[in-house]
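Open the model in your viewer and keep the selection tool at hand. The tour goes stop by stop: what to select, then what is there.

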Amino acid sequence: MRIFHSGKGQMLAFFVPGFLLGIIFVNLIVKKYMTETGIFSDLFLSQFTSVQIDIRSYLPYLLRLRIVPLILLAAASLTRLRKAAAMLFLVWTGFTGGVAVSSAADGLGLKGSLLCAVSLLPQFLFYIPAFVILLWYCLSAPRTQWNRQKTMFVLAAVAAGILLELYINPGLVRAFINLFPAKA
């Protein structure tokens, strides 16, 4: 099984089972709770289009949401537990992704799945490479070395992702929701 020796293969080997576990969790374990109105409902989406996002409140939330996992993973990369931390991070990320996509599809069908995709853009085009570099280091160290260029890239990519998530993503999500108005 040579795939487990490559960085990408190792990452997928933990992310995909986590994603599948998230789907199974939603569809088999918490299915009865999915009938309640939640964020993946036409009612919530219709309310979202009229809400103005307060940047001063949203920024600290985004910083906690994006920076804390980065710092924890970076701190773990300095220990002997770096591989276990990377594996746990990948499984958890896959699991939460599976839960989100399944919940969205259950609540809104194809529109929900597309909403999940739109809600990741454009910021995840920056977050993913930043976290992949850190995860790759965790999985391949001590064979590889960390350097200043990797640090600068990860910090710049996460900063760009936060700015895009703060200023661009809400407009994209709002535009997507307006394309598919709520059912009456």
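## Helix pairs, cis prolines and a buried face

Start with α4 and α5: their crossing is right-handed (the near helix is turned clockwise from the far one by less than a right angle). Before going on, note that this is a predicted model, where local features need pLDDT of at least 70, side-chain atom pairs count only at pLDDT 80 or more, and totals for chains, interfaces and linings use all residues. Residues are numbered from 1 along each chain as its sequence is written, and side-chain values use heavy atoms, with hydrogens and water left out. Helices are DSSP runs of H or I with at least four residues, numbered from the N terminus.

Select α4, residues 82–108, together with α5. Their axes come within 6 Å and cross at roughly 145°. Axes here are lines fitted to C-alpha atoms over the stretch in contact, and angles run from 0 to 180 degrees between N-to-C directions. Now show side chains. From α4, Ala100, Val101, Ala104, Ala105 and Leu108 meet Leu110, Lys111, Gly112, Ser113, Leu115 and Cys116 of α5 (contact: heavy atoms within 4.5 Å). This contact holds eight nonpolar residues, two polar and one charged. Ala, Val, Leu, Ile, Met, Phe, Trp, Tyr, Cys and Pro count as nonpolar, Asp, Glu, Lys and Arg as charged, and the others, Gly among them, as polar.

Next, select Leu121 and Pro122. The peptide bond between them is cis, with omega near -5°. Pro122 sits in the loop between α5 and α6. Then pick Ala141 and Pro142, also joined by a cis peptide bond, with omega about 5°. Pro142 is in the loop between α6 and α7.

Move to α3 and α6. Their axes come within 10 Å and cross at roughly 15°. That makes α3 roughly parallel to α6 (angles under 35 degrees). Select Arg66, Pro69, Leu70, Leu73 and Ala74 in α3; they meet α6 residues including Phe124, Tyr127 and Phe131. The contact of α3 with α6 has ten nonpolar residues, no polar and one charged.

Last stop: α8, residues 169–179. Which of its residues are buried? Asn169, Pro170, Val173, Arg174, Phe176 and Ile177 are (under 20% relative accessible area, 1.4 Å probe, protein chains only). Look down the axis: these buried residues fall within an arc of 160°, so they line one face of α8. The arc is that of the directions from the helix axis to the C-beta atoms. They pack against α2, α3, α5 and α7. On the other side, Asn178 and Leu179 are exposed (over 50%).

Conventions: Helices (H or I, at least four residues) and strands (E, at least two) are DSSP runs, numbered from the N terminus. Angles under 35 degrees count as roughly parallel, over 145 as roughly antiparallel, 65 to 115 as roughly perpendicular and the rest as oblique.
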